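Welcome, and please take a moment with the sequence and the model before reading on. The notes below walk through a few of the features you can look up for yourself.

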Amino acid sequence: SNDKTIENDYLMSEKTIKIDDVDLVILFGANNKKIERMSKLFPSLKIIARGNILKVIGKKNDIEKFQQKFNTILKHVNQYDSLTINQIERLVLEDDLTFLSEENDLILHGQKGRLIKTRTVNQREMVKLLDEKDMLFAIGPAGTGKTYTAVALAVKALKQKKVKRIILTRPAVEAGENLGFLPGDLKEKLDPYLQPLYDALLDMVPPEKLADYSEQGIIQIAPLAFMRGRTLDNAFVILDEAQNSTESQIKMFLTRMGESAKFIITGDITQIDLPKHQPSGLVLAQKLLQKIEGIGFVVLDERDVLRHSLVKRIIKAFNKKIKQEE
């Protein structure tokens, strides 16, 4: 067998690697600059890129070593949507690849290598419950990361091809301002409401990809009224600010659920902007659906607040006042 190994090592060999589902510009670089760098790191091999095919010529064991490192590079591109010359060198030359290891708290790799993780007990609970159930209510004050965690879970499901599209929606209820006076067409009128959803998405999806997804209807952001009459299947659907949906709106929304869908409903029942006589659909849903199998509830509180430390104290002070009034 020793002779065989020697023979293998010296025989020239050729391997064709087909590359799917990876942005070739990120992988190869402009004018194949990154391929040139890889070639320099493997001087005994000839590496040729044509379209999505990589041809590697050299000794068999050198090709095998290259293939292992190249797989690591692909994994890196898939996770981070980025690849620099510096990163190529690190991935090829270093054996310590702990930065590629999966953490339990990791939801997904966001834009520019950002790690989108759960950072509190209740955010972790959201991830766990959504694994087990198809509908999840996440209720709690501003700054607890409910919307952000929900959007991250949606992007992850889309990346893993568990759903075909993401639909993000909010009731268009203004806190004291009137929609009629906002300038511009509908999209422009709605954008101020939907901005927090865009902001979360932009942390997770490159802007040009988000534009593509929007054009193709893979990611849709629309006001709640637009959901009427639709069946939402193979979709990850988030209803944000659900405390501002009326009872009939939330019923309409929840009954849109189709096959292979995941629904997350987020809201803060201490900040209802509906007219006084109008009960909140979220409050009703919390009462009626608590015991239904297949629906999960997570209640977030000031311990989940990740904004400025003052925010925690503010929420505490308001909660105290509300309790005294009850």
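## Aromatic pairs

F253 and F263 are both buried. Please keep in mind that this is a predicted model. The ring centres of F253 and F263 lie 5.0 Å apart and their planes meet at 40°, so this pair is tilted. Since F253 belongs to helix α10 (residues 247–254) and F263 to strand β10 (residues 262–267), the pair ties together parts that are 10 residues apart in sequence.

In total, the structure holds four aromatic pairs. Another one of them joins F137 and F297: here the centres are 4.7 Å apart and the planes stand at 5°, so the rings are stacked. F137 sits in strand β6 (residues 135–139) and F297 in strand β11 (residues 295–299), so this pair ties together parts that are 160 residues apart in sequence. With a relative accessible area of 0%, F137 is buried. F297 is buried too, at a relative accessible area of 16%, because the cut-off for that word is under 20%. If you are looking for an aromatic cluster, F42, F66 and F70 form one.

## The parallel sheet

Where do the strands just mentioned sit? You will find β6, β10 and β11 in an open sheet of six strands, ordered β8-β7-β9-β10-β6-β11, with parallel pairing. At its edges are β8 (219–223) and β11, each of which pairs on one side only. On average, neighbouring strands of this sheet are turned by 15° against each other, direction ignored.

Strand β7 (residues 165–170) runs parallel to β8 and is joined to it by five bridges. Across from I167 you will see Q220 of β8.

## Two helices side by side

Now turn to helix α3 (residues 33–41) and helix α5 (residues 85–93), which pack with their axes 10 Å apart and at an angle of about 30°. Angles under 35 degrees count as roughly parallel, and α3 and α5 are therefore described that way. Their crossing is right-handed.

Which residues make up this helix pair's meeting surface? On the α3 side they are K33, K34, R37, M38 and L41, and these meet I85, I88, E89, V92 and L93 in α5.

Is Q249 buried or exposed? With a relative accessible area of 18%, Q249 is buried. Leaving aside its neighbours within four places in sequence, Q249 is in contact with L224 and N244.

S44, by contrast, is partly exposed, with a relative accessible area of 45%. You can find S44 in the loop between α3 and β2 (46–50). Which residues does S44 touch, leaving aside its neighbours within four places in sequence? The contacts are I57, G58 and D62. For S44 and G58, the C-alpha to C-alpha distance is 6.5 Å in space, while the two are 14 residues apart in sequence.

Notes
Residues are numbered from 1 along each chain as its sequence is written. This is a predicted model: local features need pLDDT of at least 70, side-chain atom pairs count only at pLDDT 80 or more; totals for chains, interfaces and linings use all residues. Side-chain values use heavy atoms; hydrogens and water are left out. Rings of Phe, Tyr and Trp (its six-membered ring) pair if their centres lie within 6.5 Å; planes under 30 degrees apart count as stacked, over 60 as edge-to-face and the rest as tilted. Helices (H or I, at least four residues) and strands (E, at least two) are DSSP runs, numbered from the N terminus. Buried means under 20% relative accessible area, exposed over 50%, partly exposed in between (1.4 Å probe, protein chains only). Two strands pair if DSSP finds at least two bridges between them. Axes are lines fitted to C-alpha atoms, for helices over the stretch in contact, and angles run from 0 to 180 degrees between N-to-C directions. Angles under 35 degrees count as roughly parallel, over 145 as roughly antiparallel, 65 to 115 as roughly perpendicular and the rest as oblique. A crossing is left-handed if the near helix is turned anticlockwise from the far one by less than a right angle, and right-handed if clockwise. Contact means heavy atoms within 4.5 Å.
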